[in-house]
Amino acid sequence: MNVRVKLFALTQDLAGCEEVSLEVEKPATIGMLRETLAKELPALAPVLASCAFAVNNEYAGNQRVLEASDEIACLPPVSGG
């Protein structure tokens, strides 16, 4: 199954793009997606454990099952002062 993942802030900078399209085996979960992202885009690997993921505008844990039509966002941690 093909899924699209929108990247933001640091993940966008590291990947060099705003969105990636990945092939994942069905049934796919956010946890599996993290692993696939790390393999396909090694520059993201160091930050993926700290990233939150949202599916269809709702935060999703690693066990969340994905559908091809889902809108998926990878949200890196934010620091501020």
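Three helices and seven strands make up the secondary structure of the protein chain, as seen in this predicted model. The protein chain is as compact as a globular protein of its length, because its radius of gyration of 12 Å is close to the 12 Å that the globule rule gives for 81 residues. To picture its extent, follow the C-alpha trace: along its principal axes it spans about 40 × 25 × 20 Å.

Now let us see how the strands come together. Strand β7 (residues 72-75) pairs in the parallel sense with strand β1 (residues 2-7), over three bridges. You can find one point of this pairing at leucine 7, whose bridge partner in β7 is cysteine 74. Strand β7 also pairs with strand β4 (residues 52-55), here in the antiparallel sense and over four bridges. Look there for valine 55, which has isoleucine 72 of β7 as its bridge partner. While you are looking at strands, keep a general point in mind: in a regular strand, side chains alternate between the two faces of the sheet.

What share of the contacts with a separation of 6 or more comes from residues 24 or more positions apart? In this protein chain, they account for 47% of such contacts.

Of the 81 residues in the protein chain, 38% are buried. The accessible surface comes to about 4,900 Å², and carbon and sulfur atoms hold 50% of it. As for charges, the protein chain has 6 positive and 11 negative ones, and their mean positions lie 3 Å apart.

Terms used: Residues numbered from 1 in each chain as written. Predicted model: local features only at pLDDT ≥ 70, side-chain atom pairs only at ≥ 80, totals over all residues. Heavy atoms only, no water. Helix = DSSP H or I, 4+ residues; strand = E, 2+ residues; numbered from the N terminus. Rg over C-alpha atoms; globule rule 2.2 N^0.38 Å. Buried < 20%, exposed > 50% of the residue type's maximum accessible area, 1.4 Å probe, protein only. Contact = heavy atoms within 4.5 Å. Areas by Shrake-Rupley, 256 points an atom, 1.4 Å probe, with all protein chains shown as cover. Lys, Arg positive; Asp, Glu negative; His and termini not counted. Charge placed at Lys NZ, Arg CZ, Asp CG, Glu CD. Pairing = 2+ DSSP bridges.
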